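Let us read a protein model together, one feature at a time. Look at it, then follow the questions.

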Amino acid sequence: MFILLSLLLQSTATLTLDLDRPGIAVSPSLYGLMTEEINYSYDGGLYGELIRNRAFEDDTAQPVHWAAVGRDATIALDRDRRLKIDGNSDVRTASLRVRGGVANDGYWGIPIRPAADYWLTLWAMADAPGPISASLESPDGSEVFAESKLGGLSKAWSKLNVVLKTRRDERPTKNARLVLRTGDRTIWIGFTSLFPPTFHGRPNGNRPDLMRLLSDMKPRFLRFPGGNYLEGNTIAEHFPWRSTLGPIEARPGHRSPWGYRSTDGMGLLEFLEWCEDMHAKPLLAVFAGYALNGQVAKPGPDLQPYVQEALDEIEYVIGGPGTRWGSERARDGHPKPFPMECVEVGNEDGFDRSKSYEGRFSQFYDAIKAKYPLLQVISTTGGKDWLGQRSPINQRKPDLVDEHYYASTWDMMSMASKYDSYDRRGPRIFVGEWASQDVPEPWTNPSQKGPTPNMSCALADAAFMTGLERNSDIVRMSCYAPLLVNVNPGGRQWAVNLIGYDALTSFGSPSYYAQKLFATNLGDRTVPFTLANVPSQTQNGKSLPALFASATRDSRSGTIFLKLVNPSPEPQELSVASLGSKLVSHEPATVLQGNPHGMNSIAEPTAFAPRTKNIGALDRLRLDAYSITVVKLGTR
Ligand code: AHR
């Protein structure tokens with residue numbers, strides 16, 4: 001970001017809060033999260049499973065991520081002996097035949113933590129009875145972190161379980177693999193699974209460190225399952241929510257548009273439980289009959305099966321246990337309906353060249369509203385979205401319109417004022433994907449820059465969020481994207497992402513901390529204010545303010561949250577005054593600050609993180625260069 005700070009205005013900038021004028025109500029759902037399977041977000045990410053290619057279907061030619069262990073050991077895919085579940089062998093396409101020993105290397109390693117229980121499940125059969133051994137070992141086998149015997153193998157498929165326990169004094173490492181030794185027998189493995197401790201101890205659950213990072217953001221909703229992942233490359237490959245339910249060994253998995261197979265271990269129920277664990281509301285996006293290759297189910301009878309599929313899916317989420325799909329949910333262990341308020345119809349349908357969305361949206365809208373009149377229905381076109389297309393939904397008025405913005409830091413800062421001039425009659429906006437990115441097309445060369453945003457992106461993000469807050473009467477919801485990235489080489493399909501991790505550890509980017517600062521310091525009403533004597537910044541002959549601000553107040557406590565963003569290379573002085581009551585400053589300010597080119601990483605996870613700081617008296621606040629500052633104020 002090359003910016004020249006104009007020092008034309010020498011006098012101190014002033015911000016005057018008008019405490020006598022009521023501001024607008026701030027949407028309680030302003031900040032949420034958006035997620036999809038991209039960058040190994042779930043498999044190899046949030047979803048706790050440690051075995052890669054657990055059903056031997058990632059590659060039809062060879063058992064990738066599995067290797068023979070031991071002299072004369074052999075392994076091969078076997079399509080004749082496929083796992084039978086309840087007498088049905090169609091769920092899986094191959095088993096792994098093993099003689100001697102076999103190892104799985106996980107998603108860029110299997111993480112070992114001290115005093116941890118690892119739950120190993122194996123669906124297997126053998127040519128002769130007797131136990132096999134299971135261990136977690138270093139890649140060369142010189143270190144064994146945990147081991148146990150697995151008995152019960154027979155000539156028929158059976159499900160075997162064992163817990164592998166690591167020692168209290170074990171040193172954490174991400175360089176381990178699972179090894180199974182069969183002796184001189186041949187065994188067939190139909191399905192494998194290895195789970196470490198999960199968040200809240202949920203079976204088939206999520207990684208605790210990532211769940212803590214996400215929960216700490218206090219998201220109000222989770223938009224899922226996509227994104228492109230919802231749509232699929234073809235209609236046949238759209239998110240198959242029905243087959244993501246039930247026992248994991250019976251979930252077929254599916255091809256995802258981001259270039260790798262999904263296990264669907266993170267299925268519809270797991271998405272919903274993830275919301276529950278974060279105290280966030282589900283925001284379900286339903287497949288709307290349009291796939292990424294341009295295939296469209298035409299409005300009318302062709303579309304009706306997809307409308308019905310969406311109604312069933314919604315019923316699984318919010319239907320009572322007496323309904324068809326609500327009872328399935330109850331059978332899956334969750335009788336209580338989930339507290340969903342919004343449903344989105346499709347994703348980025350502005351790309352549909354056949355221009356069928358208006359008709360498709362209307363058909364979905366009518367069906368959803370007829371059955372669930374209280375649900376808010378979100379359209380993916382109709383706003384002034386980044387495609388520059390305006391496709392008015394003449395026939396039906398969506399409750400919200402989803403707009404997506406992936407923009408340069410400069411453009412994102414310039415969008416801080418975007419909604420100031422919006423038509424107050426609507427449509428109401430859901431900024432369902434957005435991020436400042438210091439790369440031109442984050443999808444074309446995903447390994448350029450990144451994998452997470454640097455501080456300049458965080459500054460631009462924060463500037464944009466001041467605009468969201470000031471205009472929260474129109475902008476009701478927002479969520480950054482993409483959310484998660486496995487930072488290993490080959491792990492990402494998008495260059496810049498909010499939270500990074502490898503098998504063992506994780507970190508939030510500066511943009512993560514900006515999001516968290518904004519979401520956790522939010523009042524329920526804006527406080528109107530005026531800014532004067534603000535310096536400007538220029539780039540390529542264009543100019544923008546060099547200070548961005550938002551003020552909101554919590555009606556119950558009276559606390560005013562003043563957010564100030566200084567993206568410029570110079571510290572700035574700001575005098576904060578008020579009309580009406582007198583202001584008092586409660587506490588030291590919270591400041592996120594640093595070199596705009598710097599970022600966090602696995603090695604330095606919190607090089608950029610908010611710190612508390614005394615920034616001086618209110619009539620002379622000192623805002624650091626490249627800083628995001630939150631000041632809490634009271635009145636007397
Ligand atoms: O966030 C990455 C992708 O960007 C999403 O899948 C899609 O909706 C958008 O184009």
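Q: How do I read a sheet?
A: Two strands pair if DSSP finds at least two bridges between them. Strands (E, at least two residues) and helices (H or I, at least four) are DSSP runs, numbered from the N terminus. Here, four strands form an open sheet in the order β26-β2-β31-β35, with mixed pairing. The model is predicted: local features need pLDDT of at least 70, side-chain atom pairs count only at pLDDT 80 or more, and totals for chains, interfaces and linings use all residues. Residues are numbered from 1 along each chain as its sequence is written, and side-chain values use heavy atoms, without hydrogens or water.

Q: Which strands stand at the edges?
A: β26 (529-532) and β35 (621-623) do. Each has a single partner strand, so one side of each has no neighbour in the sheet. From one strand to the next, the twist averages 25 degrees.

Q: In which sense do β2 and β31 pair?
A: Strand β2 (residues 13-18) and strand β31 (residues 572-579) pair in the parallel sense, over six bridges. Take L15: its bridge partner in β31 is V576.

Q: How are two packed helices described?
A: By the angle between their axes and the distance between the axes. Axes are lines fitted to C-alpha atoms, for helices over the stretch in contact; angles run from 0 to 180 degrees between N-to-C directions. Contact means heavy atoms within 4.5 Å. Helix α4 (residues 304-318) and helix α6 (residues 357-371) pack at about 35 degrees, with axes 10 Å apart. On α4, the contact includes Y306, V307 and L311. On α6, F364 and A367 are among the residues that make it.

Q: What is a nonpolar core?
A: It is a set of buried Ala, Val, Leu, Ile, Met, Phe, Trp, Tyr and Cys residues joined through side-chain atoms within 4.5 Å. Buried means under 20% relative accessible area, exposed over 50%, partly exposed in between (1.4 Å probe, protein chains only). The largest core here has 133 residues. W274, F364, Y419 and I628 have the most contacts inside it. Helix α8 (residues 455-470) gives the largest share, nine residues. A second, separate core has 33 residues, including F56 and I110.

Q: Which residues of helix α1 are buried?
A: In α1 (residues 208-216), they are D209, L210, M211, L213, L214 and S215. Their cover includes β3 (31-34), α3 (268-278) and α9 (510-519). After α1 comes K218, with a positive phi near 50 degrees.
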